[in-house]
Amino acid sequence: MAILSNLSNYKNFGLLIIRIGLGITFINYGYPMLMGGVNGWRDLGHSTKYIGIHFLPVVWGFLAAVTETFGGFLLIIGLAFRPVCILLCITLVIAAFTHLGKGEGFSGAVHAIEDALIFAGLLFVGPGKYSVDKK
């Protein structure tokens, strides 16, 4: 299809759309967790038990909430893009193990797995030229 063959000229715009969409999603998902306070962070931080970490659940929960909230903002503007992708990928792998550990199976973990794969791929692609990190 000739009409679609020119879309490769807009790769950077496509990356911008992905960054904005994922960033808004993670801000909306992370902000309530961040505002959950110590009890919410503790509950969230207990997810690390599924990867063998049983200490400091409040700290891990807080770090996950901060990563999702501020990581979403940094995705949108394209600042510290690759470190954010790594942190979000780690957070989502733990989320996937949590879903699997709770017995939800693949269907419960699939969203976290999909997002982790997206961030793993974006780690190699970069933020594109419409970002603060542009080179």
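This is a predicted model: local features need pLDDT of at least 70, side-chain atom pairs count only at pLDDT 80 or more; totals for chains, interfaces and linings use all residues.
Contact is defined here as heavy atoms lying within 4.5 Å. The protein contains six helices and zero strands, and its elements follow the pattern α-α-α-α-α-α along the sequence. Its C-alpha atoms occupy a box of roughly 55 × 30 × 20 Å along the principal axes. Of the 135 residues in the protein, 33% are buried. Among contacts with a separation of 6 or more, 68% are accounted for by residues 24 or more positions apart.

Helix 5 (81-101) comprises 21 residues and spans 30 Å from its first C-alpha to its last, close to the 30 Å expected at 1.5 Å a residue. Its buried residues are Phe81, Val84, Cys85, Leu88, Cys89, Thr91, Leu92, Ile94, Ala96 and Thr98. These buried residues pack against helix 2, helix 4 (57-77) and helix 6. Just after helix 5, glycine 103 adopts a positive phi of about 85 degrees.

The largest nonpolar core consists of 16 residues, and those with the most contacts inside it are Leu22, Phe26, Leu75, Leu88, Leu92, Phe119 and Leu122. At least two residues of this core are supplied by each of helix 2 (11-34), helix 5 and helix 6 (105-125). Helix 5 provides the largest share, seven residues. In general, nonpolar side chains in soluble globular proteins tend to be buried together. Leucine 92 illustrates the packing of individual residues: with residues up to four places away in sequence not counted, leucine 92 touches Phe26, Ala112, Asp115, Ala116 and Phe119.

A search of the whole structure finds zero disulfides. Cysteine 85 is in no disulfide, the nearest cysteine sulfur being that of cysteine 89, 8.4 Å away. Cysteine 89 is likewise in no disulfide, and its nearest cysteine sulfur belongs to cysteine 85. Because a relative accessible area under 20% defines a buried residue, cysteine 85, at 0%, is classed as buried.

Threonine 98 is also located in helix 5. Its relative accessibility is 7%, and it therefore counts as buried. Once neighbours within four places in sequence are left aside, threonine 98 is in contact with Ser47 and Tyr50.

Proline 57 is found in helix 4. With a relative accessible area of 18%, proline 57 is buried, since the limit for that class is under 20%. Proline 57 and glycine 45 are separated by 12 residues in sequence, yet their C-alpha atoms are 4.0 Å apart in space. Beyond residues up to four places away in sequence, proline 57 touches Trp41, Arg42, Gly45 and His46.

The largest pocket has a volume of about 690 Å³. It is lined by 33 residues, of which Leu44, Ala64, Glu68, Thr91 and Ala95 are the closest to its centre. Two or more lining residues are given by each of helix 2, helix 3 (37-45), helix 4, helix 5 and helix 6. The largest share of this lining, eight residues, comes from helix 5.

Definitions and conventions: Residues are numbered from 1 along each chain as its sequence is written. Side-chain values use heavy atoms; hydrogens and water are left out. A nonpolar core is a set of buried Ala, Val, Leu, Ile, Met, Phe, Trp, Tyr and Cys residues joined through side-chain atoms within 4.5 Å. Buried means under 20% relative accessible area, exposed over 50%, partly exposed in between (1.4 Å probe, protein chains only). Helices (H or I, at least four residues) and strands (E, at least two) are DSSP runs, numbered from the N terminus. The expected span of a helix is 1.5 Å times one less than its number of residues. A disulfide is a pair of cysteine sulfur atoms within 2.5 Å. On a 1 Å grid over the protein atoms alone, a cavity is a set of points where a 1.4 Å probe fits but cannot get out, and a pocket is an open set with protein on both sides within 12 Å along at least five of seven lines; lining residues have an atom within 4 Å of a point. Grid points are joined across faces, edges and corners, and a volume is the space filled by probe spheres set on the points.
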